Amino acid sequence: MEVAKLVVLPAVLALFVLCLHFIAKTVKLRKHQVLHLPLGSFGWPIVGETFEFLRSGREGNIFRFIQERMNKYDSRVFKTSMLGDPMAVFCGPAGNKFLFSNENKNVQVWWPSSIRKLLRLSLVMKVGDEAKMTKKLLMGFLNPEALRNWLPKMDSIAQRHISTHWEGKEQVHVYPIVQLYTFKLACCLFLSIEDSILVSKLSSKFDEFLKGIIGFPINLPGTRFYRAMKAANEIRKEIKMILKKRKVDLEEKRVLPTQDLVSHLLVTPDPSGRFLTETEIIDNILLLLFAGNDTSRSALSSIMKYLGQLPEVYEHVLKEQLEISQGKEAGNLLEWQDVQKMKYSWNVASEVMRLSPPVSGAYREAIKDFTYADYNIPKGWKLHWNIGSTHMDPTLFLNPENFDPSRFEGAGPIPYSYVPFGGGPRICLGQEFARLEILVFMHNIVKRFKWDLVIPDEKFLYDPMLEPAKGLPIRLQPHNF
């Protein structure tokens, strides 16, 4: 009986808090009724249209939710309610441009409560000057000049990964195996973790972490969020142990300050001269492990799908990569100038991310009342930009359903229409890291294998990242060059 009370009481309290939140929001919305708000629907009490939005992603068609409301209400902006907050969804290049260029003016970054609780003091939670300084500090490790020194290491890791997990196999499931590459790479470059057992342990924790990152933050046993919080805390403990040992090693000069991201953050102050606290370092490493693993795993899985479906595209990528290899002495690792020659391969990856972006969009918050597209947007409203509103727009991309890497030749798409990495001051700081990670893998995998899709029409679902419903099984055909 006492155990039952312990389980029921938190649930009742959580429901009570949600009800209070809903009442407060209702009062605010009534005050806003005199304003000319965007057209749309707030959906059900408390939950709004949250479940319909999440369900559309888990059914493999998250852009349907956006497109239906653009058609029904207004193609520029519409209102909804998600995760307990009134929200304006900005659409098209104009909507992207407004949100990206008005950071700290009319808007600032905002994330659902579940993300805020999981990523705590990391960069994605910071605003204003604090965000700028933290980003500059992290970019000291992630800028192209710094990353070019890591390129041979990335190539070596990719080669070992393929030799260990792909060679000798007739069939593999791409999604879980690619994670072994992306997570190993992130662990190595950010934390100098080489132990495969520890990498595997942390990787499984990140799967739990990821599944609870978007949703209602009800921290009760059995919920996704509870499991995500538990996993995040266990990952933080491992990072803290590494941090503690690294401080000693740096003091005793057993490691170089440039060894990895941990060392960089321990010895480098931000532009104001302040060093990050231990908690800030841990949270930012957690953020980068998450970003450097899950979005790249999603992108690479989609790339493998399209290369398996489109033999003519595959052959063109293979030709480009073989020309790069033939221009190098046997056994030499990739260098910066090699990656710069992978123009067609990157156009292919870019077209894949247009059709199948790893994430569907992101969020902002109105920090003051403003007007957009003749509508009033009240201070405190949450704002959402969605990739599907531009990537699949036939006025921006001719025949948007068709796979066409030539879209990215020359000047490429018009500004603010192609946004898999976001834009403005909040553009993904790992964009260059992701480019190298993807191209290094493409280089190594196409040189060794061609493949067929076991399930040609397999669905890809957002949960919350884009992932294949069945793990993307493929049949490998080794080359005999």
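Q: Is Val 199 buried or exposed in this predicted model?
A: Val 199 lies in helix H10, which covers residues 196–211. A residue counts as buried when its relative accessible area is under 20%. The relative accessible area of Val 199 is 6%, so Val 199 is buried.

Q: Which residues is Val 199 in contact with, leaving aside its neighbours within four places in sequence?
A: His 36 is 163 residues from Val 199 in sequence and 53 Å from it in space, C-alpha to C-alpha. Contact needs heavy atoms within 4.5 Å. With the neighbours within four places left out, the contacts of Val 199 are Phe 183, Lys 184, Cys 187 and Ile 193.

Q: How many disulfides does a search of the whole structure find?
A: A disulfide is a covalent bond between the sulfur atoms of two cysteines. The cut-off for the pair of sulfur atoms is 2.5 Å. A search of the whole structure gives a count of zero.

Q: Which cysteine sulfur is nearest to that of Cys 188, and how far away is it?
A: Cys 188 is in no disulfide. A disulfide would need the two sulfur atoms within 2.5 Å. The nearest cysteine sulfur to Cys 188 belongs to Cys 187, at 8.7 Å.

Q: Why does Cys 188 count as buried?
A: The limit for a buried residue is a relative accessible area under 20%. Cys 188 counts as buried because its relative accessibility is 4%.

Q: What is the relative accessible area of Cys 91?
A: Cys 91 is another buried cysteine. Buried residues have a value under 20%. For Cys 91 the relative accessible area is 3%.

Q: What is the volume of the largest cavity?
A: The count of cavities of 30 Å³ or more comes to one. The volume of the largest cavity is about 40 Å³.

Q: Which helix gives the most residues to the lining of the largest cavity?
A: The lining is made up of Thr 50, Phe 53, Leu 54, Met 82, Leu 83, Met 87, Ile 214 and Tyr 363. By class, seven of these residues are nonpolar, one is polar and none is charged. The helix that gives the most, with three residues, spans residues 50–58 and is H2.

Q: Why does the distance between the ends of helix H11 agree with its number of residues?
A: Helix H11 has 28 residues, 224–251. At 1.5 Å a residue, H11 should span 40 Å. The end C-alpha atoms agree with this because they are 41 Å apart.

Q: Which residue with a positive phi follows H11?
A: The phi of this residue is near 55°. The residue is Lys 253.

Q: How far apart are the end C-alpha atoms of helix H6?
A: Helix H6 has 15 residues, 128–142.

Q: Which helices do the buried residues of H6 pack against?
A: The buried residues of H6 are Gly 128, Ala 131, Thr 134, Leu 137, Leu 138, Phe 141 and Leu 142. Their packing partners are helices H7 (144–147), H9 (174–191), H12 (261–267), H13 (278–309) and H18.

Q: Which residues is Ser 122 in contact with, leaving aside its neighbours within four places in sequence?
A: Ser 122 is in the loop between helix H5 (113–119) and H6. Its relative accessible area is 0%, so Ser 122 is buried. Beyond the neighbours within four places, the contacts of Ser 122 are Asp 283, Asn 284 and Leu 287.

Q: Which residues is Ser 325 in contact with, leaving aside its neighbours within four places in sequence?
A: Ser 325 is found in helix H14, residues 311–326. With a relative accessible area of 22%, Ser 325 is partly exposed. Leaving aside the neighbours within four places, the contacts of Ser 325 are His 443 and Lys 447.

Q: Is Asp 374 buried or exposed?
A: Asp 374 is in the loop between strand S6 (370–372) and strand S7 (375–377). Its phi is positive, near 75°. The relative accessibility of Asp 374 is 63%, so Asp 374 counts as exposed.

Q: Is the peptide bond from Asp 463 to Pro 464 cis or trans?
A: Pro 464 is in the loop between strand S10 (460–462) and strand S11 (466–468). With omega near -10°, the peptide bond from Asp 463 to Pro 464 is cis.

Technical notes. Residues numbered from 1 in each chain as written. Predicted model: local features only at pLDDT ≥ 70, side-chain atom pairs only at ≥ 80, totals over all residues. Heavy atoms only, no water. Helix = DSSP H or I, 4+ residues; strand = E, 2+ residues; numbered from the N terminus. Expected span 1.5 Å × (residues − 1). 1 Å grid on protein atoms, 1.4 Å probe; cavity = no way out; pocket = protein on both sides within 12 Å on 5 of 7 lines; lining within 4 Å. Points joined across faces, edges and corners; volume = space filled by probe spheres on them. Nonpolar A, V, L, I, M, F, W, Y, C, P; charged D, E, K, R; others polar. Buried < 20%, exposed > 50% of the residue type's maximum accessible area, 1.4 Å probe, protein only.
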